[in-house]
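I opened the notebook to record a few look-ups. The entries follow in the order in which I made them.

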Amino acid sequence: MNFDLSSDQKLLVDTATSFAKKSSPVSRARKLRSDPLGFEPKMWKQMAELGWLGLCVPEADGGFGARFIDLALVLEQLGTTLVPEPILATCVLGGTALARAGSAEQRGRWLAPLAAGELHAALAWAERGGRYDPAGCAARAEKSAGGHRISGEKVWVQGGHAAQLFLVTARTAGRPGEASGVSLFAIDRDAPGVEVQPVETMDGRRAAMVRLGGVEVGADRMLGGEGTAAALVEDVLDAGAAAACAESSGMAQAVLAMTVDYLKTREQFGVKIGTFQTLQHRAVEMFVETELCRSHAIEASLRIDEGGADERRQAVSAAMVQLATGGRGVVRTAIQLHGGIGCTDEHDVGLYFKRMQALGALLGDEDHHLARFAALSQPPGEPL
Amino acid sequence: MELAFTPEHEQFRRDVRSWIQGALPPDLKAKAEVDANFDMAESMRWHKILHQKGWVAPQWPSEYGGPGLDATRRFILTEELELAGTPPLSPFGLSMVGPLLMQFGSPAQKQRYLPKILAGEEVWCQGYSEPNAGSDLASLRTTAVKNGSGKYVVDGQKTWTTYAQYADWIFCLVRTDPSTAPGPGGKGKKQEGISFLLIDLKTPGVEVKPMLTLGGTPAFCETFFTGAEVPAENLVGPEGGGWTLAKALLGHERTLIAAVGQSRRVVRRLKRIAGAQVGADGRKLIEDPRVRSRIAGLEIKLRGLQMANYRSLAGAQLGKAPGPESSILKLRGSEILQQAFELAMDIMGPDSLTWFNEPGVVAPFEEWVPSAFCYTRATTIYGGSNEIQKNVIAKYILGLPAR
């Protein structure tokens, strides 16, 4: 057991820290809220050059083949200033789906450009009514002459507004709720029948609603085995959730520092408000939850490519519950301790508050992850 | 970064586990099986068995008779003992005064006291708190003033002297310079007149009165000193240096105070109870999604604590000073242990009314839950209340200003 950074990891973290501080302070995230793309292609290019976009792409497919924890460490730093580039959407969700399910030919076609920053691939899996279960998929893929004809609607597709390629789940068999029968297809944005509606999300970012009206795809467009994508997508979402937890760990650290700083400077009743024990103890609670967010996030990220599936699911769900309770608690308390100014749009604390809220809504809420954790919990009588 | 223990450490864990299974006497094993409370005699029996194996003081370096284990092995040994539910050892000698003597004691003091602590031949208790010096410990008023024959004469009262009724010795914080006592006429800083003194409980003028705890068990005591004469050689460290020693004690082995193993056992126990209790709908409580969800919530909190503990441990293994994650361990660990018993009581439902009844009134593994539930209110108070822990974190880690 060792939680020290290797020299390579130190270099990655130092680079990400200085990028967040110098090239992308919170003011940049704030400005890009009103931008239709929500991020900057020149920054995306820079991230490709730094090697971040291809970090977890296998070496054979044009990436660096690093461990997931390495990318998580970068995301943690980028979280401290709310860097808005869609690494989670494109690299973690899109990239992991391609890497895990793609054939050698498919990986060669899409992963290398993704790692080079030339392609945004968005995972389109969520539907109205499906909540957080990939098996809730109702979109249909019917056999056609050349392959499949796909119809359905996908909602809140992360990075969908910017994607050139959609990785879409659709049923080749079975009914919504059944684990088998869901397949994964790669669909070009400009394919006939694809309609993309860009939408704003409550955290100032962008996503898309995607409607598929009888989109024809060739046989070479199915990713992975027919009917097996629900389990695959659950695995990919685990990577996404671990990434979200890493990002939120960085956010919690930044918000804690911001709040402690405010307590040390703001004066009322003739003294610094940080001298009040009531406020000190609330700040300590923020500190405790921040440390727990970090602990959970580290375990979740390490388990993405280490150990068994059940252990991974439990660790990820535990970390997401911590995000939904402790992590959200940190940003909510931060607003309370800032007082009125914390409730305005002009103060940064609100940006973190909204992002923390959105991350939980995107990758599974507290009830979902509690139930998933409970289902895997050891029954009574097992040895410890 | 590496989550797994090394193969050598995993092997050590298996060795410890199988040794415990063989070494724990059958009657103690039967009690552990249902998580019954152990009495002091049982704890001391187990102390001596562990001592024979050389494992009674995992934290002690080999020059003092400890097993000379690395930080991870110390942790594994302690955790396995907790997970197996073996009788808890009295911490006052092994974890408190022993390490303090190693750091601050004279060669003669080390030679006199340490071997007997290790062998379980002398049992210790702690004399810190007083009726008017709890969280504000430095306000203590028990005095130790030298008389004509060079002995300290001790007068005053100590409280929460846990297990003093079974102890041979007490280590005390006493005021050797009464002019520093707080209040009108007090001179200098109140911390400066405090010294660290070892007192034989058989000394004339020392009286121990046990008190029942909320758990209905005799753990706490009050200890009274009336003109008790203590040899000057029983002073540890310099006269007036007691506060430094008291603070040093707080820094020892923080990875062990999270009580993760203990809480994991309570979680296992409450699952067992939930597997036996039947709800109004005829289902076992463990099958009720609401109950499962509450248990999962607790397990997740415990998992986060365990991971924070591992981070702290991995740092200790590399010889680093405790990081910020270490300071949350006592705070959250004590809360989680309480919450685990609260949930166990809820799951027991009407059966949680039981209080030291004959066998058969409730299941054997339920019998001790109400007592332990009551007793664990103390976990967020002893060793520095959680509010004091928060003050310390606010000041030393967050750097928030004092009034």
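Which domains does the domain assignment of chain B give? I found domain 1 (7-89), domain 2 (124-240) and domain 3 (254-397); such bounds come from an automatic or database domain assignment. I then looked up the C-alpha centres of domain 1 and domain 2 of chain B, which lie 32 Å apart.

A note on the source: this is a predicted model, in which local features need pLDDT of at least 70, side-chain atom pairs count only at pLDDT 80 or more, and totals for chains, interfaces and linings use all residues. Residues are numbered from 1 along each chain as its sequence is written, while chains are lettered from A and ligands numbered from 1 in the order in which they are written.

H4(A) has 12 residues and reaches 16 Å from first C-alpha to last, close to the 16 Å expected at 1.5 Å a residue (the expected span is 1.5 Å times one less than the number of residues).

I checked its cover: 12 of the 12 residues of H4(A) are buried (20 or more other C-beta atoms within 10 Å of a residue's own, C-beta atoms being placed from the backbone). Among them are Phe68(A), Asp70(A), Glu76(A) and Gly79(A). The buried residues of H4(A) pack against H1 (7-23), H5 (87-101), H7 (229-265) and H8 (277-304) of chain A.

Last, I looked at the two chains together: 36 residues of chain A are in contact with 44 residues of chain B (contact means C-beta atoms, placed from the backbone, within 7 Å). H8(A) gives the most to the side of chain A that touches chain B, with 13 residues.

Definitions and conventions: Helix = DSSP H or I, 4+ residues; strand = E, 2+ residues; numbered from the N terminus.
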